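Below is a short briefing on one structure, arranged by topic. Please keep the sequence and the coordinates open while reading.

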Amino acid sequence: MSAKLTSRQVGDVTVIDAAGRITLGDGASSFRDTIRDLAAKGNKKLLLNLADVSYIDSSGIGEMVSGFTTVTNNGGQLKLLGLSKRVKDLLQITKLYTVFEVFDDETTAIRSFH
Amino acid sequence: MARPENGKMEKVQTTLDSVLESVDKAEEFVIQEAGKAGFDEDEQHQIGMAVRECAVNAVVHGNRYSKTKKVHLDIERSSSALTVTIGDEGEGFDLNSLPDPLAPENLLRQSGRGLLLIRTFMDDFDLHPRPGGGTEVRLVKHLAKS
């Protein structure tokens with residue numbers, strides 16, 4: 001299953017619920033389109049929920065970084081929620097733990113934007 | 001899963017088209033072989049991801065999706081290790097020309113992390129020109145002694 005992304009609003013924070021695989025091809029491109037679309041519409045507080053993401057490859061990581069840059073350059077913030085151990089390991093290996101703010105709990109994550 | 005008997009080597013070879021579907025096939029194929037070799041689920045995942053990254057490099061950067069060029073996947077399973085060789089028919093490239101993805105100035109680059117993951121997940125990594133043209137990557141993962 002490639003990536004499926006849906007967004008919902010919690011106050012002024014846009015939560016993007018991602019599911020499936022974020023890998024080179026359809027998964028990574030739908031991910032990129034969703035983030036860019038939300039950023040273009042003026043959403044500045046984005047929380048990416050990866051709890052149902054089963055797999056991310058280096059292309060998927062690249063799209064996360066690209067999304068982070070797009071949102072940040074737009075004056076916004078992109079934070080991560082619900083990482084599996086494997087995704088956490090990938091962020092450790094790539095040192096992206098130093099770039100992304102990561103949360104296990106949605107309420108705490110939402111609160112962190114204020 | 002049963003391991004091959006001591007000294008016995010089992011080898012499978014396949015040739016794949018230069019399309020993204022081949023990346024999934026290569027990953028599935030190697031995970032299956034890693035399971036047969038006796039690697040646990042986490043190790044199978046790591047081996048699968050390393051092979052996936054190599055296959056992406058072969059299809060996208062090596063063969064550039066050429067319909068006339070193939071990706072060559074060989075998997076050898078012994079009682080002590082899994083050895084995977086992935087070859088492309090591209091122009092070749094210089095490993096030293098790749099920027100360090102962990103350097104602070106490169107952390108926000110979109111690409112360039114594949115080899116880092118491959119090296120992290122596998123015990124041995126070797127890249128060399130493929131006989132007949134292209135690039136060949138050899139990956140080895142050793143089985144923990146049981």
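Leaving aside its neighbours within four places in sequence, which residues is Ala55(B) in contact with? They are Ser22(B), Val23(B), Ala26(B), Glu27(B), Val71(B) and Ile86(B), where contact means that the C-beta atoms of two residues, placed from the backbone, lie within 7 Å.

This is a predicted model, in which local features need pLDDT of at least 70 and side-chain atom pairs count only at pLDDT 80 or more, while totals for chains, interfaces and linings use all residues. Residues are numbered from 1 along each chain as its sequence is written, and chains are lettered from A and ligands numbered from 1 in the order in which they are written.

**Chain B overall**

- Chain B has three helices and five strands; helices (H or I, at least four residues) and strands (E, at least two) are DSSP runs, numbered from the N terminus.
- Along the sequence, the pattern of chain B is β-α-α-β-β-α-β-β.
- The radius of gyration of chain B is 15 Å, which agrees with the value near 15 Å for a compact globule of 146 residues; it is taken over C-alpha atoms, and the globule rule is 2.2 Å times the number of residues to the power 0.38.
- Taken along the principal axes, the C-alpha atoms of chain B fill a box of roughly 45 × 40 × 25 Å.
- Of the 146 residues in chain B, 36% are buried; a residue is buried if 20 or more other C-beta atoms lie within 10 Å of its own, exposed if 12 or fewer, and partly exposed in between.
- Among contacts in chain B with a separation of 6 or more, 67% are between residues 24 or more positions apart.

**Nonpolar core**

- The largest nonpolar core has 62 residues, and Ala50(B) and Ala55(B) touch the most other members. Such a core is a set of buried Ala, Val, Leu, Ile, Met, Phe, Trp, Tyr and Cys residues joined through C-beta atoms within 7 Å.
- Helix H2 (residues 41-62) of chain B gives the most to this core, with nine residues.

**Where chain B touches chain A**

- In chain B, 18 residues are in contact with 15 residues of chain A.
- H2(B) supplies five residues, the largest share of the side of chain B that touches chain A.
- The buried residues of H3(B) are Gly114(B), Leu117(B), Ile118(B) and Phe121(B).
- These residues lie on the same side of H3(B) because they cover an arc of only 100° around the axis, the arc being that of the directions from the helix axis to the C-beta atoms.
- Their cover includes helix H2 (58-73) and helix H3 (85-93) of chain A, together with H2, strand S4 (124-129) and strand S5 (135-142) of chain B.

**The sheet of chain A**

- Five strands of chain A form an open sheet with mixed pairing, in the order S1-S2-S3-S4-S5; two strands pair if DSSP finds at least two bridges between them.
- Strand S1 (4-10) and strand S5 (102-103) of chain A stand at the edges with a single partner strand each, so one side of each has no neighbour in the sheet.
- S1(A) and S2(A) run antiparallel and are joined by seven bridges.
- Strand S2 (residues 13-22) of chain A and S3(A) run parallel, joined by eight bridges.
- Strand S3 (residues 45-56) of chain A is largely enclosed by the rest of the structure, because nine of its twelve residues are buried.

**Val19(B)**

- Val19(B) lies in the loop between strand S1 (10-17) and H1 of chain B.
- With 15 other C-beta atoms within 10 Å, Val19(B) is partly exposed.
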